[in-house]
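Please keep the sequence and the structure in view while reading.

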Amino acid sequence: MPGWLFLYAASVVLVASFVALATLWRRPVLEAAAAGRPLPAAFQRILLSRILRVLVGAASVALLGLVSAAALIGDERVLENLAPTFVLVIFWVGLVPFVVVFGNLWAVISPFRAAADAAAWVAERAGIEWRVERYPERLGRWPAAVLLFAFVAFELVYEDPADARALALAIYLYAAATWLGMLVFGRRAWLDGGEAFHVYFGLLGRIAPFGVVDGRIVARAPLSGLTTVPVVPGTLAFVAVMLGSVVFDSVSRLGWWLDLQAGTAASAAGLLGAILLVAVALRLAVAAGGARADDFVTSLVPVALAYVLAHYFSLLILQGQYLVPLVSDPLGRGWDLLGTAGYVPNLGLLTPNVTWYVQVAALVLGHVGGLVVAHDRAVASGRGVRSQYAMLVLMVFFTVGGLRLLASD
């Protein structure tokens, strides 16, 4: 099928979805469903039990120690060292599908939070008191946005992000910044405003049909969690980094960009430009509808998810297979701890057609999800359908642009 047909078909799907929403969706369905329905008490006791959190936390801290040790002292060859594949593929990309199905699992498995909780528990029993500073409201999610930008800049701008020693330095610096933030402002405040991955997976987890509301695990309508996100300073910047970084990654693979042979400074400027483009585009779209960007910023979260899945789907399936031999020999010392060191990844697992159709489906469904969230927010705030015309144009622009970038990659 010709490529132009996909572009037209995707645009038609978005317009048809918009018409259906305007005709059939006349009350805030998602916002009403955000509270969800609590899971049975037995599930609550098990999933929220302290012993489970302690066991998972201990395992996550041990895994952080293994990955950071592999990065520091393991074999410098990428495919012989656990750290690059684990951090850049399994953690950064592989955790996303689980989060959008089960909710913000990072809040449970984060080794940074687990270590801080353990330190606080020990300090409390030792009679050590620490007075934390009040987290300034004006900071909001700005620290998390800055740290997420630093991570994606390392991944996309630095000349060799898979270099084990550079990755080790990044891990240690991020861990130090995270624990220092928790020490100064308190664990809860820094998680919500400063821990980039907690915020990142937390926003994506709002798409999931499960979540934690008032201390209980609930089942709720997918996407409904996005209607109750507290929009504090830095939220738009954070979401723009989520989406803009993947846009830049696609652009940086195009022939004309590669022909420029852009250095680190130019690449950093390109990354920042893509992020600013996303933020400005949303502001213009909502301003055209007479609204504020803060009211609709969460409608870009499904779009960011769509770009991540479309762009990194093949990386996860193909490169992720290297985890199998690496778990038996994480440091590249010739070990075979689990008997899987001889596994040979099947790099022919995906055909170009399968990859393309998955990418198209992800982009279209993600942008339809963005329209649904935006429409529900508009209905809840009493704004008419006309206020969403510019948002429809924005979603079509992102969809067509994303497909063209993927087709040119």
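What percentage of the 409 residues of the protein chain count as buried? The model is a predicted one, and in it 51% of the 409 residues of the protein chain count as buried. The secondary structure of the protein chain comes to 19 helices and three strands. With a radius of gyration of 22 Å, close to the 22 Å that the globule rule gives for 409 residues, the protein chain is as compact as a globular protein of that length.

**Overall build**

- Taken along the principal axes, the box that the C-alpha atoms of the protein chain fill is roughly 60 × 55 × 45 Å.
- When contacts in the protein chain between residues at least 6 apart in sequence are considered, 80% of them join residues at least 24 apart.

**Nonpolar core**

- The largest nonpolar core has 119 residues, and those with the most contacts inside this core are Trp 92, Tyr 200, Phe 201, Leu 204 and Phe 238; helix H5, which covers residues 82–102, contributes the largest share of the core, namely 14 residues.
- Leaving aside residues up to four places away in sequence, Phe 238 touches Ala 144, Ala 145, Leu 148, Ala 196, Val 199, Tyr 200 and Leu 203, and Tyr 200 is itself listed with Phe 238 among the residues with the most contacts inside the core.

**Salt bridges**

- The structure holds eight salt bridges, including the pairs described in the following points.
- Arg 377 forms a salt bridge with Glu 31, in which the closest N and O atoms are 3.2 Å apart; this pair links distant parts of the chain, since Arg 377 belongs to helix H18 (residues 352–380) and Glu 31 to helix H2 (residues 29–33), 346 residues apart.
- Both partners of that pair are partly exposed, Arg 377 at 22% relative accessibility and Glu 31 with a relative accessible area of 35%.
- A salt bridge also forms between Arg 187 and Asp 117, whose closest N and O atoms are 2.7 Å apart; because Arg 187 lies in helix H10 (residues 187–193) and Asp 117 in helix H7 (residues 111–125), the pair ties together parts that are 70 residues apart in sequence.
- Arg 187 is partly exposed, with a relative accessible area of 37%, and Asp 117 is likewise partly exposed, with a relative accessible area of 24%.
- The side chains of Glu 137 and Arg 134 meet in a salt bridge with an N to O distance of 3.2 Å, and here the partners count as exposed, Glu 137 at 60% relative accessibility and Arg 134 with a relative accessible area of 62%.
- Salt bridges that share partners join Arg 113, Asp 117 and Arg 187 into one network.

**Nonpolar surface patch**

- On the surface, Phe 43, Ile 46, Leu 47, Leu 48, Ile 51, Leu 52 and Leu 55 form a nonpolar patch, and together these residues have about 680 Å² of accessible area.
- Helix H3 (41–47) and helix H4 (50–73) each supply at least two residues of the nonpolar patch.

**Backbone points**

- Asp 214 has a phi near 55 degrees, which is a positive value in a residue other than glycine; Asp 214 lies in the loop between strand E2 (210–213) and strand E3 (216–219).
- Is Asp 214 buried or exposed? At 74% relative accessibility, Asp 214 counts as exposed.
- Leu 223, also a residue other than glycine with a positive phi, has a value near 80 degrees, and the place of Leu 223 is in the loop between E3 and helix H12 (235–251).
- Leu 223 has 14% relative accessibility and therefore counts as buried, the cut-off being under 20%.

Notes:
Residues numbered from 1 in each chain as written. Heavy atoms only, no water. Patch = residues over 30% accessible without salt bridge, like charges linked within 9 Å, V, L, I, M, F, W, Y side chains within 5 Å. Areas by Shrake-Rupley, 256 points an atom, 1.4 Å probe, with all protein chains shown as cover. Salt bridge = Lys/Arg side-chain N within 4 Å of Asp/Glu carboxyl O. Helix = DSSP H or I, 4+ residues; strand = E, 2+ residues; numbered from the N terminus. Core = buried A, V, L, I, M, F, W, Y, C linked by side-chain atoms within 4.5 Å. Buried < 20%, exposed > 50% of the residue type's maximum accessible area, 1.4 Å probe, protein only. Contact = heavy atoms within 4.5 Å. Rg over C-alpha atoms; globule rule 2.2 N^0.38 Å.
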